[in-house]
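I opened this model to look up its sheet, its core and its charged pairs. My notes follow in the order I worked.

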Amino acid sequence: MNIIFGSDLVDEIAARYTVLELDTIRLLPDGVESTAYCVIEKIPVTELGRLSELKQLHHDMMFQYKTGDWPSCEQSIKALTHCWGTEVDSFYEIMLARVQDLQANDPGPNWDPVIDKIPS
């Protein structure tokens, strides 16, 4: 799996590979946002028949996360874990922990799904 930032080349790359949205990061102090995507090059043969379904499920999971539908998001993450030849499992593990924390500690109405990063 490869990670790319920004949406400039996503459509072009998606014509040849499976591209899945990951996190959006806001670089502080400038506030510039950039979305990370993973490029999956090798789809397991056993998943080829479910490719559209898996892509849609990942898309739905990201939408559920961004809109704060934590229970549905958690369900989607669990369904996606071990898919994509396990290439994306580390991301799903992070997302599951994040969503479970958000469920336990309501972030309130001003919650923003964009991750703020300060340059080191």
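Predicted model: local features only at pLDDT ≥ 70, side-chain atom pairs only at ≥ 80, totals over all residues.

**Entry 1: Ser 76**

I started at Ser 76, which I found in helix α3. For helices I took DSSP runs of H or I with at least four residues, and for strands runs of E with at least two, numbered from the N terminus. Residues are numbered from 1 along each chain as its sequence is written, and side-chain values use heavy atoms, with hydrogens and water left out.

Is Ser 76 buried or exposed? Ser 76 counts as buried, because its relative accessibility is 6%. My cut-offs: buried is under 20% relative accessible area, exposed is over 50%, and partly exposed is in between, with a 1.4 Å probe and protein chains only.

Next I listed contacts, meaning heavy atoms within 4.5 Å. Leaving aside neighbours within four places in sequence, Ser 76 touches Leu 57, Met 61 and Gln 64. I also checked His 59: it is 17 residues from Ser 76 in sequence and 9.7 Å away in space, C-alpha to C-alpha.

**Entry 2: confidence**

I looked up pLDDT, the predictor's confidence in each residue, from 0 to 100. The protein chain averages 94, and 100% of the residues score at least 70. Among the elements, α3 has the highest mean, 98. Helix α1 (residues 10-14) has the lowest, 90.

**Entry 3: the core**

Not counting residues up to four places away in sequence, Met 61 touches Cys 73, Ser 76, Ile 77, Leu 80, Phe 91, Tyr 92 and Met 95.

How many residues does the largest nonpolar core have? I read 22, with the most contacts inside it made by Met 61, Trp 84, Val 88, Phe 91 and Tyr 92. Such a core is a set of buried Ala, Val, Leu, Ile, Met, Phe, Trp, Tyr and Cys residues joined through side-chain atoms within 4.5 Å. At least two residues of this core come from each of β2, β3 (32-40), α2 (51-66), α3 (70-80) and α4. Helix α4 gives the largest share, five residues. In soluble globular proteins, nonpolar side chains tend to be buried together.

**Entry 4: the sheet**

I traced the strands. Four of them form an open sheet in the order β1-β3-β2-β4, with mixed pairing. Strands count as paired if DSSP finds at least two bridges between them.

β2 (residues 18-27) pairs with β4 in the parallel sense over three bridges. In β4, Ile 115 is the bridge partner of Ile 25. Helix α4 (residues 89-104) lies across β2 and β4, at about 50 degrees to β2. For this angle, axes are lines fitted to C-alpha atoms, for helices over the stretch in contact, and angles run from 0 to 180 degrees between N-to-C directions.

**Entry 5: Asp 23**

Asp 23 sits in strand β2. Asp 23 is buried, with a relative accessible area of 12%. Beyond four places in sequence, its contacts are Ser 34, Thr 35, Ala 36, Phe 91, Met 95, Arg 98 and Ile 115. Ser 34 is eleven residues from Asp 23 in sequence and 8.5 Å away in space, C-alpha to C-alpha.

**Entry 6: salt bridges**

I counted a salt bridge where a side-chain nitrogen of Lys or Arg is within 4 Å of a carboxyl oxygen of Asp or Glu. The structure holds seven.

- Glu 21 pairs with Lys 66, with the closest N and O atoms 2.6 Å apart. The pair links strand β2 and helix α2, 45 residues apart. Lys 66 is partly exposed at 38%.
- Arg 26 meets Asp 116 at 2.5 Å, N to O. Arg 26 lies in β2 and Asp 116 in β4, so the pair ties together parts 90 residues apart in sequence. Arg 26 is buried at 16%, whereas Asp 116 is partly exposed at 42%.
- Arg 50 pairs with Glu 53, with the closest N and O atoms 3.6 Å apart. Arg 50 is partly exposed at 34%, and Glu 53 is partly exposed at 47%.

Last, I noted a network: salt bridges with shared partners join Arg 26, Glu 33, Asp 112 and Asp 116.
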